[in-house]
Amino acid sequence: MSDGIGSADCSRRGFLRRFTLGAGAAALFPLFSCDANPGGKGGKYFKSWERSEALPDAEKLGVALVGLGSYATYQLGPALQHTKFCRLTGIVTGTPEKKDQWYRRYAIPEEHAYSYETFDRIVNDPAIDIIYIVLPNGMHAEYTIRAAEAGKHVICEKPMATSVADAEAMVAACRVNNRKLSLGYRLYFEPHHEKVMRLGRDEIFGPVREMRGDFSFRIGENPDVWRLDKELAGGGPLMDVGIYAVQAAIYTVGTLPVAVTAKEETVNRELFSEVEESIAWELEFPGELRAHGASSYSRGANIHHAAASDGWFELEPAYGYSVVRGRMSEGELEFPRVNQQALQMDAFADHILNGAENRVPGEMGLRDTKILYAIYEAAETGKRVALEL
Ligand code: NDP
């Protein structure tokens, strides 16, 4: 079955379709142009959802969170209380006690609470339009594919997958089932980062000559966490947080890298027996531009810096949920705090409902998976690895 939408949902969808095509749509969803080319230079940065009223609850798209761990509990669940176009309507968990907790907190009834074994029954649940995969990385592919096959749109957390083949299969499954796929790349919706995209791509300080990014944190001494398990994590800090520095380099200049070199360093071989402890890489862009990146589980760092021909700009802390601080050679970069996750989920709902740009599509996750694994290949072989993206 390619679409698990029941009659109640059809009527809701029908209403939305009629509504968004009619005069009400123009009032609620003014068609400001979106950044039509997230990876390209120039472009506009207005986003329709920022200036829109919230839909009534009954008209919002329903979201089910899969894997009720730290990120789902402390970020996504709360963020879904602030979204305008989507809302929390379901959960999938392997821990039965969590069902009661989520029922008490968000009134998710038993009929919309699933386990991994009953997951596929979501096909018959019209309250759920979007499935948000918040599981350990090694489980993203299986559940994204099962969600698409259940006829649901999918948001998958970063990193998308633990192999390029898996990422390709995820994109293909969504395409075949005619479902939309998006990644949990929240920083695309954060104003400091949007400003950095403008500064770099529009060459406000002249062409960017060099970039430096580092996202690192101390993971602690517990060897039993999934982030240290190769099968569940796919790799170490690069997969977990270094991906943000890779992404920032690309969206700052709106150009794709053509090659990569890298070096891995693991000192504590007992704790880091399966994944790297620290890694550094250099992304080679066309021309002279280089982006130096690093990530570690044994120290702290949180920076993105760009040096251009006539000035510089940087974010530090760069990648946080709440506090992001920016500076440039001409002074501070100050923007109000936003709920990144709420904006990210609303943008995807706006894409589904109104055809707004999917700024962080599955293809972008596939691209990044290729880059991450090229970095690992470069570190392993000591050779420059060419990228074909
Ligand atoms: P947690 O370990 O806190 O939660 C993962 C949850 O997945 C568990 O609580 C559990 O939920 C479920 N699960 C199912 N099978 C397993 C298994 N074999 N081992 C461990 N957990 C399992 O992880 P996070 O919430 O920190 O991360 C989840 C995903 O979100 C990762 O892909 C991570 O990269 C991403 N993430 C993204 C962030 C962002 O800023 N975009 C920030 C943090 C994480 P249950 O008990 O309900 O079954």
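Analyst: Buried residues make up 48% of the 389 residues in the chain. A residue counts as buried if 20 or more other C-beta atoms lie within 10 Å of its own, as exposed if 12 or fewer do, and as partly exposed in between; the C-beta atoms are placed from the backbone. This is a predicted model, so local features need pLDDT of at least 70 and side-chain atom pairs count only at pLDDT 80 or more, while totals for chains, interfaces and linings use all residues. Residues are numbered from 1 along each chain as its sequence is written.

The chain has 11 helices and 15 strands. Both are DSSP runs numbered from the N terminus: helices are H or I with at least four residues, strands are E with at least two. Among contacts between residues at least 6 apart in sequence, 69% join residues at least 24 apart. A contact means that two C-beta atoms, placed from the backbone, lie within 7 Å.

The helix to look at is α6, residues 164-176. Start with its length. Its 13 residues should span 18 Å at 1.5 Å a residue, and the end C-alpha atoms are 18 Å apart, which agrees. The expected span is 1.5 Å times one less than the number of residues.

Next, its sides. D166, A167, M170, V171, A173 and C174 are the buried residues of α6. They cover an arc of only 160° around the axis, so they sit on the same side of the helix. That arc is taken from the directions from the helix axis to the C-beta atoms. An α-helix has 3.6 residues a turn, so residues three or four places apart point the same way. A165 and V176 are exposed on the other side of α6.

What does the buried side of α6 pack against? Its partners are α5 (140-149), β5 (153-156), β6 (181-183) and α11 (362-381).

Just after α5, G151 takes a positive phi of about 80°.

Now the ends of α6. The loop between β5 and α6 holds P159. The peptide bond from K158 to P159 is cis, with omega near -15°. On the other end, N178 lies in the loop between α6 and β6. Phi of N178 is near 55°, positive in a residue other than glycine. N178 counts as exposed because it has 11 C-beta neighbours inside 10 Å. Most residues other than glycine have a negative phi, and most peptide bonds are trans.

Both kinds of backbone feature turn up elsewhere. E203 has a phi near 55°, again positive in a residue other than glycine. E203 sits in the loop between α7 (191-201) and β7 (208-216), and is partly exposed, with 16 other C-beta atoms within 10 Å. The peptide bond from E316 to P317 is cis, with omega near -5°. P317 is in the loop between β12 (311-315) and β13 (326-328).

L232 lies in α8, residues 230-233. L232 is partly exposed, with 17 other C-beta atoms within 10 Å. Its C-alpha atom is 6.9 Å from that of M139, 93 residues away along the chain. Leaving aside neighbours within four places in sequence, L232 is in contact with P136, N137, G138 and W226.

Last, the ligand. Where does it lie? Domain 1 (7-187 + 343-353) and domain 2 (191-337 + 367-386) both give residues to the shell around the ligand, so it lies between them. The domain bounds come from an automatic or database domain assignment. Of the 21 residues around the ligand, G67, G69, S70, T93 and G94 come nearest. A residue is near if its C-beta atom, placed from the backbone, lies within 6 Å of the molecule. Helix α3 (residues 70-79) gives the most to this shell, with 3 residues. By class, the shell has 8 nonpolar, 8 polar and 5 charged residues. Here Ala, Val, Leu, Ile, Met, Phe, Trp, Tyr, Cys and Pro count as nonpolar, Asp, Glu, Lys and Arg as charged, and the others, Gly among them, as polar.
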